[in-house]
Amino acid sequence: MSKVLIIGCGGVASVAIQKCCQYSEVFTEICIASRTVSKCDALKAKIEAEGKTATVITTATVDADNKDAVVKLIRAYEPVLVLNLALPYQDLTIMEACLETGVHYVDTANYEPEDIDEPVWRAAYEKRCKEKGFTAYFDYSYQWAYHEQFEKAGLTALLGSGFDPGVTSVFTAYALKHYFDEIHYIDILDCNGGDHGYPFATNFNPEINLREVSANGSYWENGKWVETKPMEIKREYDFPQVGKKDMYLLHHEEIESLAKNIPSVKRIRFFMTFGQSYLTHMQCLENVGMLSTSPINFNGVEIVPIQFLKALLPDPASLGPRTVGKTNIGCIFTGIKDGKEKTIYIYNVCDHQACYRELGSQAISYTTGVPAMIGAALVANGTWRNAGARTIEEFDPDPFMDMLNRFGLPWVVDEAPATVE
């Protein structure tokens with residue numbers, strides 16, 4: 001029924017692509033494109049050797065930093081949409097290519113710049129910091145700026161169809177539709193109880209992960225942003241099927257879109273679990289400058305420290321066979337239903353080794369790749385079509401929630417949960 005171009009072939013993309021091939025009635029044809037086409041060819045060969053899909057797979061080389069190259073590929077392949085599973089640095093380039101060629105767009109994470117010292121971007125960033133009150137390098141303003149162009153073109157740009165952002169926002173829309181008249185408080189909890197055995201590694205792209213974790217935290221309360229120092233706010237929570245874990249308040253992109261689209265909300269916070277070993281390693285690396293994105297000269301060669309660090313660390317896509325344990329990601333909602341206050345907790349538990357047995361992936365890639373496929377499927381088959389650049393909570397949550405159960409991320413509703421103080 002649909003031809004879909006998928007840009008990227010890392011850990012998340014591998015999951016999303018294999019899940020697309022489990023849903024051949026929608027994804028009749030896919031093209032996997034990456035700067036390193038050998039990765040695409042290897043994944044194609046793996047899927048075809050298994051002989052379980054009717055999806056026709058092709059591969060291509062593309063430089064996602066080059067809009068003209070993306071445009072050329074889209075025109076040659078003629079997909080109904082582009083699923084962007086490249087780096088967040090490349091979101092705007094791919095969005096512009098979709099506008100130019102008249103195809104729908106889906107991604108999993110909002111735009112952030114690769115070079116945070118570029119003068120024009122830096123000036124706009126500092127202006128935004130003063131106006132909005134948070135200093136994270138990533139926010140939706142860059143992509144929301146394309147809203148009218150997508151709207152006028154009659155195209156849907158679905159932003160943030162991963163797990164967080166993504167499923168957490170769908171959980172919010174589902175809770176508001178089925179359990180509340182108003183939602184006042186949202187706590188998003190992201191717990192990875194897995195163990196990969198390395199002294200230090202990141203579960204997704206190290207550049208994105210380390211920049212996010214080492215930045216100031218922030219949360220939304222009473223109509224404004226409240227910013228905190230990195231790891232300043234710590235809580236302990238007893239996660240179902242995982243146990244008690246320390247978690248820390250971070251800035252996260254879905255806070256921004258939920259604050260915009262859930263009008264009654266009074267506070268939104270995001271917490272992620274970390275072990276002490278991870279935090280100690282990260283602080284040491286930050287102290288010696290290894291998390292810097294500013295180029296330096298080393299023996300006559302210009303290198304970016306965090307990119308060099310990325311080359312040294314284990315590839316997140318390689319962690320699957322050695323990672324054990326479970327993730328628990330969900331949202332605790334407090335609000336009003338029929339004049340009475342109530343609290344519920346909607347969450348998913350995902351087992352690392354079960355993911356590896358199914359797709360050769362660890363659970364972090366799995367929990368992002370599955371929702372990426374679902375969002376793409378709902379746009380491709382016409383279930384979710386609302387022209388403009390929109391975040392995922394703006395759509396009917398029910399078909400997405402049904403597909404989570406169908407494709408490996410079943411969810412639970414706890415109507416008497418412990419809350420976070």
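Is aspartate 338 buried or exposed? Please bear in mind that this is a predicted model. Aspartate 338 is exposed, its relative accessible area being 63%. Its place is the loop that runs between β15, residues 326-337, and β16, residues 340-351. The backbone deserves a remark as well: aspartate 338 is not a glycine, and yet its phi is positive, at about 55°.

Asparagine 299 also has a positive phi, near 50°, and this residue, too, is other than glycine. It belongs to the loop between β13, residues 296-298, and β14, residues 301-303. With 69% relative accessibility, asparagine 299 counts as exposed.

One further backbone feature is found at proline 165. The peptide bond that joins aspartate 164 to proline 165 is cis, with omega about 5°. Proline 165 sits in the loop between β6, residues 156-159, and α8.

I now turn to charged side chains. Side chains of opposite charge can pair when their charged atoms come close. How many salt bridges does the structure hold? The number is 20.

Let us begin with arginine 35. Its side chain meets that of aspartate 63 in a salt bridge, with an N to O distance of 3.1 Å. The two residues are 28 apart and link distant parts of the chain: arginine 35 is in the loop between β2 (27-34) and α2 (37-50), while aspartate 63 is in the loop between β3 (56-61) and α3 (67-77). Aspartate 63 is partly exposed, at 27% relative accessibility.

Arginine 35 also forms a salt bridge with aspartate 65, and here the closest N and O atoms are 3.0 Å apart. Aspartate 65 lies in the loop between β3 and α3 and arginine 35 in the loop between β2 and α2, so this pair ties together parts that are 30 residues apart in sequence. Aspartate 65 has a relative accessibility of 41%, and therefore counts as partly exposed.

Another salt bridge joins lysine 177 and aspartate 398, whose closest N and O atoms are 2.9 Å apart. This pair, too, links distant parts of the chain, the two residues being 221 apart: lysine 177 is in helix α8, residues 167-178, and aspartate 398 is in helix α15, residues 398-406. Lysine 177 is partly exposed, at 43% relative accessibility.

Which residues are linked in a network of salt bridges? One such network connects Arg128, Lys132, Asp139 and Glu256.

Where is glutamine 143 placed? It is in helix α6, which spans residues 141-144. With a relative accessibility of 0%, glutamine 143 counts as buried. Setting aside neighbours within four places in sequence, glutamine 143 has contacts that include Asp91, Leu92, Met95, Tyr105, Asp107, Leu159 and Ala389.

The second, glutamine 353, is in helix α13, residues 352-359. Why does glutamine 353 count as partly exposed? Its relative accessible area is 21%, and buried means under 20%. Not counting residues up to four places away in sequence, glutamine 353 touches Gly320, Pro321, Thr323 and Val324. For threonine 323, the separation from glutamine 353 is 30 residues in sequence and 6.8 Å in space, from C-alpha to C-alpha.

Is proline 417 buried or exposed? It is buried, with a relative accessible area of 15%. Beyond its neighbours within four places in sequence, proline 417 is in contact with Tyr237, Thr343, Ile344 and Tyr345. Between proline 417 and glutamate 96, by contrast, the C-alpha atoms are separated by 44 Å, and the two residues are 321 apart along the chain.

Thank you for your attention.

Notes:
Residues are numbered from 1 along each chain as its sequence is written. This is a predicted model: local features need pLDDT of at least 70, side-chain atom pairs count only at pLDDT 80 or more; totals for chains, interfaces and linings use all residues. Side-chain values use heavy atoms; hydrogens and water are left out. Helices (H or I, at least four residues) and strands (E, at least two) are DSSP runs, numbered from the N terminus. Buried means under 20% relative accessible area, exposed over 50%, partly exposed in between (1.4 Å probe, protein chains only). Contact means heavy atoms within 4.5 Å. A salt bridge is a side-chain nitrogen of Lys or Arg within 4 Å of a carboxyl oxygen of Asp or Glu.
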